[in-house]
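Have the picture open while you read.

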Amino acid sequence: LLSADSIKNSSFVGNCYLLTLRRMSKLQRKLSFASGTTISWLDPKISLANHFKNGAAQNFPAEINKPASVREEQSITEPCHLTREPEEINPDEELEDICDDKEDDLGAVEEQRSVILHLLSQLKLGMDLTRVVLPTFILEKRSLLEMYADFMSHPDLFIAITNGSSPEERMIRFVEYYLTSFHEGRKGAIAKKPYNPIIGETFHCSWRMPKGNVATDAGNNSSAHSPSEQVTLPKDPEGQAEPDYYTVKFVAEQVSHHPPVSGFYAECVERNMCVNAHVWTKSKFLGMSIGVTMVGEGVLHLLEHGEEYTFSLPCAYARSILTVPWVELGGKVNINCAKTGYSASINFHTKPFYGGKLHRVTGEVKQNMMNTVVCRVQGEWNSVLEFTYSNGETKYVDLTKLSVTRKRVRPLEKQGPFESRRLWQHVTESLRDGDIDKATEHKRALEERQRNEERLRAETETPWCTKYFLKDGDGWVYHKPLWKTASAAQTLQTDSN
């Protein structure tokens, strides 16, 4: 009975909420606004029917005084047969990233609350938001592809996975890395939406990690790795010694527009390990919040041990969208290694309506053949995690004190026209300057160009050519993964001997 009453009350509250939104929207139109308040989105330049039409072409009025950068964005074309060849990025050209766009200022969000009310009044519960064009002022100043790269902000924990002395320790190390990878993906306490990547958009970066900073096997007091465990790097023509740091390289590409699928790949050649993943984001309007489902999976390859770890990603929720929006994670994810028989089950708990803690996570690592739990974990994914091992020992990881390694990115002038930061540079600059109208124009030009190119490919029946990722069944795989290049090198060495 309590459950039935709860469902009935929730439905009633949701209906009252939507009715209130509609009434407030009408009231806002009648009232006069304070000076300085921007309300241009209340009377959009296109009809709302077209504004929310999935995949429909939108006709915008001609603008005589468009900025030159907008005209440039509309004129960029990239023929498939000319420029879709993979490009080798030299990590030495990349510089330590000094960009730090924390999203802690409500600013335009508070000023445009009436716009948010108007927007929400047009939505229905459960509506797919994937193709809904959202106001520019709620955007984060980076692309979704770059946000995925921030999951690698602790390369020392990533590299340390392969240093585990046993399959059990390697699985536990992977769970530790996995749970510490989410907090850095949020720039500040306020939830904003990263740019939707344009098909063909790419992002490249790398990290350098001193070898002495990477944890080795707990029972090994010698150097990080024995010579037989390392992949020997060739010396350069000038005879310089092997660098005293590991390099982790990352590349991401938007491989599909409908559905919006991103592929990303990271590798550390020196440690013979890499990870390949593809993610399809599905967004839904839930009334009081917005839910984002991450469809897809990733695979970590530890070539030194011949092990593959498959994993999924949790759902994300943007809460309190009318006040101070914030993000929480929810859902169950699984990590499996078929070769060793170890698996991990992790639950991201959403806060209950009454009581409970925020950002809580629990999980356990099991040996499937023996059906025994070898490690349990609990805590908060953005605060402190507690690992309890089968021998009774306990380890605490304080994420707020973990050192974050800044990624290295090529300067804008060396980036290609479809690399994320160069592609969105005018939108980002306008958002930093607080010029929402100009940011909207730049964003609209990019989206209009994407629609025109998609329409042209449909008319000419020309398939889209990806640059770095190849379709493999239901997933996408990097065109030159480490497990293929390492196998080819080993075969070549065997033939030469």
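This is a predicted model: local features need pLDDT of at least 70, side-chain atom pairs count only at pLDDT 80 or more; totals for chains, interfaces and linings use all residues.

## Who touches Tyr148?

If you skip its neighbours within four places in sequence, Tyr148 is in contact with Phe250, Ser262, Phe264, Val279, Thr281 and Met294. Keep Phe250 in mind, as that residue comes up again below.

## The cores

Tyr148 belongs to the largest nonpolar core, a set of 62 residues. Which members of this core touch the most others? They are Tyr148, Phe158, Tyr178, Leu179, Phe250 and Phe348. Helix H9, covering residues 167-179, supplies the largest share of this core, with 7 residues.

Apart from this core lies another one, made of 11 residues, including Leu423, Val427, Leu431 and Leu446. As a bit of background, nonpolar side chains in soluble globular proteins tend to be buried together.

## Rings that pair up

How many aromatic pairs does the structure hold? The count is 17. Take Phe174 and Phe311: their ring centres are 5.7 Å apart and their planes meet at 55°, so this pair is tilted. Are they buried or exposed? Both Phe174 and Phe311 are buried.

Now back to Phe250, which forms an aromatic pair with Trp207. This one is edge-to-face, with 6.2 Å from centre to centre and 80° between the planes. Again distant parts of the chain are linked: Trp207 sits in strand E4 (residues 202-210) and Phe250 in strand E5 (residues 245-256), 43 residues apart. Trp207 and Phe250 are both buried.

There's also a charge to spot: Lys282 lies over the face of Trp280, 5.2 Å from the ring centre.

## Zooming out

Time to step back and look at the whole chain. You'll find 13 helices and 19 strands in it. Of its 497 residues, 47% count as buried. Take the contacts between residues at least 6 apart in sequence: 66% of them join residues at least 24 apart.

Conventions:
Residues are numbered from 1 along each chain as its sequence is written. Side-chain values use heavy atoms; hydrogens and water are left out. Helices (H or I, at least four residues) and strands (E, at least two) are DSSP runs, numbered from the N terminus. Buried means under 20% relative accessible area, exposed over 50%, partly exposed in between (1.4 Å probe, protein chains only). Contact means heavy atoms within 4.5 Å. A nonpolar core is a set of buried Ala, Val, Leu, Ile, Met, Phe, Trp, Tyr and Cys residues joined through side-chain atoms within 4.5 Å. Rings of Phe, Tyr and Trp (its six-membered ring) pair if their centres lie within 6.5 Å; planes under 30 degrees apart count as stacked, over 60 as edge-to-face and the rest as tilted. A charge sits over a ring if NZ of Lys or CZ of Arg is within 6 Å of the ring centre and within 35 degrees of the ring normal.
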